[in-house]
Amino acid sequence: MDLHQLFKTRTPIIGVVHLLPLPTSARWGGSLKAVIDRAEREATALASGGVDGLIVENFFDAPFTKNQVDPAVVSAMTVVVQRIQNLVTLPIGLNVLRNDAKSAMAIASCVRAQFIRVNVLTGVMATDQGLIEGDAHQLLRYRRELGCDVKILADVLVKHARPLSSPNLTVAVKDTIERGLADAVILSGWATGSPPNQEDLELACGAANGTPVLIGSGANWENIATLLPAANGVIVSSSLKRQGRIEQPIDPIRVSQFVEAAHRSWNSPGENKSVSPTSVSLHS
C-alpha cells in the first residue's frame, strides 16, 4: 500500500467522524438529518484543520453487534459518506462496528471510498460482544467479486479485546499481513483513548517489513512527537474533541494543534506536508 499515493503524504493523519446513533441502534434518536448535520460539521472541521484523510464510524451505536449490522445502518452510513464527499475531497474510509467488514467493503465500493478499517481480520478475539472470528478469506474474495481496490487497514490485537491464543505481537502482525493480506496494519492501546507504546510500534514496524503501520488510538498533541516517528501514520479522534471528551464534537482548534505537533515530528524535508486548499470545498 502506497500511503503517499492515497493520502498525498507518507505519514498521514486520519481523523475519525464518530456518527451519532443510527437507525435500529439502542440510542437511535429518530432523526437521520441530525446525524448527517453533525457528521458534515465534524468532517469539515477535520479537513479544515489539516488532516489527510477521514474515516467514518458508527461509534455511538454501542452496544454493537459482533458481525453483521442491520441493513438500515448500511443505508444510513452510505448516505452520510456521500454527503461528506460533497463537502471535502479527502480520502474517506469506513469502519462498520464491531466487525462488519463485508458491509464496510460494500459501502466503500458503491460510494468509491478508498479504504476500510477491520477490527478483526485474522484470528479469534474475546470481546464484550463475545468471540469475534476474523474472516479474511471471505472479505478478500468479496473485494475481488466487487471489482474494487478498496484498501484494508486491519487492527492487530485490537483494543477492547483479548486474543484467545498467545498475544505475540510479531506473529500477529505477520499473520495479518502475510495470511490475511492486509494492506496496512493498525496498532492501538488496550482501549479507546489509550496509546500503544513506542516499543510495540517499533516491533510491529519491524515485523511488517515495509507494510504501513498506523497508530490506532490514544494519540494527542503531547505524545504524537514521540509516537509518530515509530509509525507510518495515525488515526485520531478522542483528543481532537472538546475537552478531549469522546462524546463531544470535534474542536477545530484541537485539530490544528494536533496537526502542527505532528508536522514538527516529521523528518521528511523534501515532502510537502501542507493541507491542500481543495481539501475543503463548501457548496451552497
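Visitor: Which residue's side chain does aspartate 37 meet in a salt bridge?
Guide: In this predicted model, the side chain of aspartate 37 meets that of lysine 33, with N to O at 2.7 Å.

Visitor: How many residues apart are they, and in which helix?
Guide: Aspartate 37 and lysine 33 are four residues apart in helix H2, residues 32-49, which means that about one helical turn separates them.

Visitor: Is lysine 33 buried or exposed?
Guide: Lysine 33 is exposed, its relative accessible area being 57%. Aspartate 37 is partly exposed, at 24%.

Visitor: How many salt bridges does the structure hold?
Guide: The structure holds seven. One of them joins glutamate 40 to arginine 83, and their closest N and O atoms are 3.1 Å apart.

Visitor: Which parts does that pair tie together?
Guide: Glutamate 40 belongs to helix H2 and arginine 83 to helix H3, residues 71-85, so the bridge ties together parts that are 43 residues apart in sequence. Glutamate 40 counts as buried, at 15% relative accessibility, whereas arginine 83 is partly exposed, with a relative accessible area of 36%.

Visitor: With which residue does aspartate 183 form a salt bridge?
Guide: Aspartate 183 bridges to arginine 143, and the closest N and O atoms of the two are 3.0 Å apart. Arginine 143 is in helix H5, while aspartate 183 is in the loop between helix H6 (169-179) and strand S9 (184-187), so this pair links parts that are 40 residues apart in sequence.

Visitor: And is aspartate 183 buried or exposed?
Guide: Aspartate 183 is buried, with a relative accessible area of 15%. Arginine 143 also counts as buried, at 13% relative accessibility.

Visitor: Staying with H5, which of its residues are buried?
Guide: Helix H5 covers residues 136-146, and its buried residues are Ala136, Leu139, Leu140, Tyr142 and Arg143. Seen down the axis of H5, they fall within an arc of 160 degrees, so they line one face of the helix.

Visitor: What is on the other side of H5?
Guide: The other side of H5 has the exposed residues His137, Arg141, Arg144 and Glu145.

Visitor: What do the buried residues of H5 pack against?
Guide: They pack against helix H4 (101-111), strand S4 (115-118) and strand S7 (151-155). Tyrosine 142 has a further feature: the charged end of lysine 102 sits over its ring, 4.8 Å from the ring centre.

Visitor: What about phenylalanine 59 and phenylalanine 60?
Guide: Phenylalanine 59 and phenylalanine 60 form an edge-to-face pair as well, at 5.1 Å centre to centre with 85 degrees between the planes. Both are buried.

Visitor: Now helix H9: how far apart are its end C-alpha atoms?
Guide: The end C-alpha atoms of H9, residues 252-265, are 20 Å apart, which agrees with the 20 Å that its 14 residues should span at 1.5 Å a residue.

Visitor: Which residues of H9 are buried?
Guide: They are Val255, Phe258, Val259, Ala261, Ala262 and Ser265. Down the axis of H9, the buried residues fall within an arc of 160 degrees, so they line one face. The face turned away from that buried side carries the exposed residues Ile253 and Arg264.

Visitor: What covers the buried residues of H9?
Guide: The cover includes strand S1 (13-18), H2, helix H8 (224-227) and strand S11 (233-236).

Visitor: Last one: which residues of H7 are buried?
Guide: In helix H7, residues 198-208, the buried residues are Leu201, Ala204, Ala207 and Ala208. They cover an arc of only 130 degrees around the axis, which puts them on the same side of H7. On the other side, Glu199 and Gly206 are exposed. The buried residues of H7 are covered by elements including H6, S9, strand S10 (213-215) and H8.

Methods: Residues numbered from 1 in each chain as written. Predicted model: local features only at pLDDT ≥ 70, side-chain atom pairs only at ≥ 80, totals over all residues. Heavy atoms only, no water. Buried < 20%, exposed > 50% of the residue type's maximum accessible area, 1.4 Å probe, protein only. Helix = DSSP H or I, 4+ residues; strand = E, 2+ residues; numbered from the N terminus. Arc of directions from axis to C-beta. Contact = heavy atoms within 4.5 Å. Phe/Tyr/Trp six-rings, centres within 6.5 Å; stacked < 30°, edge-to-face > 60°. Lys NZ or Arg CZ within 6 Å of the ring centre and 35° of its normal. Salt bridge = Lys/Arg side-chain N within 4 Å of Asp/Glu carboxyl O. Expected span 1.5 Å × (residues − 1).
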